[in-house]
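This report is meant for someone meeting the structure for the first time. Please keep the sequence and the model in view while reading.

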Amino acid sequence: MIKIYDTTLRDGTQAEDISLLADDKVRIARRLDAFGIHYIEGGWPGSNPKDFSFFNKIREVELKFAKVTAFGSTRKLENRPEQDPNLLAIIESGVQVATIFGKSWDFHVIDALHITLDENLLVIEDSLACLKRHMEELFYDAEHFFDGFKQNREYALATLKAALKGGADTLILCDTNGGTLPDELTGIIEAVRRELGDEVTLGIHLHNDSETAVAGSLLAVRHGIRQVQGTINGFGERCGNANLTSIIPNLQVKMGYNVINPDNLCKLASLSRYVDEIANKRHNRHQPFVGRSAFAHKGGIHVSAVQKNPMTYEHIDPELVGNRRRVLVSDLSGRSNIIYKAKEYNLDLGTREQTEEILKKIKDLEEQGFQFEGAEASFELLVKKTTGRYRPIFKFLGFRVNVNKFRFDRPPLTEATVMIEVDGVIEHTASVGEGPVDALNKALRKALEKFYPDLRNVKLDDYKVRILSSDRGTSSITRVLIESKDEHGNKWGTVGVSTNIIEASWQALIDGIEYKYLHQDDNRDEICSCDPDDQ
Ligand SMILES: [Zn+2]
């Protein structure tokens, strides 16, 4: 049985752009538990008050499956173990499982701890022995193990033996600098197993500085490792930790290990997006298994092949991990993409003539600079407009945007007014904004929210501007891509193109809003059916 040990909440938060509040950590822990992670490392209670607060909160939460662990260092030489503040904080955190890290590399013992090699062995052994009396399970993280082994093999092995004597249940071999390549890693794991015997349980903790943390973790399992540590989306210091969203499906789907309840594997993609969301990070669309583009097909030949047999260009069935196949509409492809796309969205392409018209329109629009990849909502609107199944949600009467600058040392003042008509009622609104697009967006929403109150739940998630023909200087063509998001986490992209950036933005904004209502009419549910309710 391979156990998964998640350290997103501890090592993951060492990443420079990630910071989680205690409540955020509790939400992520619940989600990891629902997914079926065996161990969730909550933090280092002895090192900061935020982690201590997490342990207080998580005690009140009933987890179904996972065990929460606390992390900490071995005692300081001058403290007796039962009086060492760091060890006491772990005991006080109330966990039943603890992970203690210690030094395996002789150079670190002498240069960083300033103690003798023998003193370090003693510190490892009695720190663990002290915790052993309070814990159901005890893990020892051998920091810098692989580098230490390469420099002084005998000493690195002696630290592991000291940990075993202290009562460690699992020894975790750490590549803290992330520089060890997989083949070297497996050689050292084999040497450790020969030395300690097969009855000793080993774990692995890799950092991704050589971009081989996933590969190394998988190989380590092949070489007898029984616990794999990592983080969701590979969060972590520098280049990150071993990415569990790749390790888990590889172990389960390809290597035949039963690491996660098979019914839960389809929650992987939503778990990955959820953690990004809470950490306020943009989801990496190219992330293997879980990214939005992980099963996206663009080239015409690929698309027609995938339609016949998905195995031609997909390494696994995307639904196994809760992802889905996407076919991109682009001028690289032909008729088959459009037809596939329409089928995917349950869109009627109408009569033969209407289908031809849609194809022609897309070609013309792409000539002008439109791009429908990432703007599937605009594509759907285009199809519905052409096949006569589009009903505008308002009548456009006009807009005006004013940018006034009165003083050299002050930012300009921007104001937009919008006039629309809904069911014979004319609405005329004005708003100021950070810039012309912001002001226009606010004025438009103000006008529409009167008729469509739940528009408040639709947020502009991303706004991208691209200049297409830079040789034309300031009269260049501008393409605007907007991503909108609703309260259910549904996202949709829209596009606008014009020589005028305000006009391009307006087109994309309008499509984004209209799509929400067109979408509601169809009652189409885009969320993965196995997506658990968010707590
Ligand atoms: Zn680490």
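## Basis of the description

The model is predicted, so local features are described only where pLDDT is at least 70 and side-chain atom pairs only at pLDDT 80 or more, whereas totals for chains, interfaces and linings use all residues. Residues are numbered from 1 along each chain as its sequence is written, and side-chain values use heavy atoms, with hydrogens and water left out.

## The chain as a whole

The protein has 17 helices and 16 strands, where helices (H or I, at least four residues) and strands (E, at least two) are DSSP runs numbered from the N terminus. Along its principal axes, the C-alpha trace spans about 85 × 60 × 50 Å. Of the 535 residues, 54% count as buried; buried means under 20% relative accessible area, exposed over 50%, and partly exposed in between, with a 1.4 Å probe and protein chains only.

Contact here means heavy atoms within 4.5 Å, and among contacts between residues at least 6 apart in sequence, 66% join residues at least 24 apart. The accessible surface comes to about 24500 Å², of which 49% belongs to carbon and sulfur atoms; such areas come from the Shrake-Rupley method with a 1.4 Å probe, and for residues only the protein chains shown count as cover.

## An enclosed helix

Helix α11 (residues 268-278) is largely enclosed by the rest of the structure, because nine of its eleven residues are buried. These buried residues are L268, A269, S270, L271, S272, Y274, V275, D276 and I278, and what covers them includes α1 and α10 (244-254). After α11 comes N280, whose phi is positive, near 60°.

## Two nonpolar cores

A nonpolar core is a set of buried Ala, Val, Leu, Ile, Met, Phe, Trp, Tyr and Cys residues joined through side-chain atoms within 4.5 Å. In the largest one, which has 89 residues, L160 and V192 touch the most other members. Apart from this core lies another, of 25 residues, among them V422, L440, L448 and I502.

Leaving out residues up to four places away in sequence, V192 touches F145, F149, L157, L160, L173, G197 and L202.

## Positive phi in two loops

Most residues other than glycine have a negative phi. H144, in the loop between β5 (137-143) and α6 (145-151), has instead a positive phi near 55°, and this residue counts as buried at 7% relative accessibility.

A positive phi of about 50° is also found at D423, which is not a glycine. Is D423 buried or exposed? With a relative accessible area of 78%, D423 is exposed, and its place is in the loop between β12 and β13 (425-433).

## Contacts of three further residues

E421 lies in strand β12 (residues 413-422). Its C-alpha atom is separated by 7.0 Å from that of L397, 24 residues apart along the chain, and, not counting residues up to four places away in sequence, E421 touches F394, K395, L397 and I426.

T478, in strand β15 (residues 478-485), is buried with a relative accessible area of 5%. With residues up to four places away in sequence left out, the residues that T478 touches include V465, I467, V497 and A504. A168 is found in the loop between α7 (153-166) and β6 (170-175) and is likewise buried, with a relative accessible area of 9%. Beyond its neighbours within four places in sequence, A168 is in contact with L128, L138, Y140 and A163, while the C-alpha atoms of A168 and E154, 14 residues apart along the chain, are separated by 19 Å.
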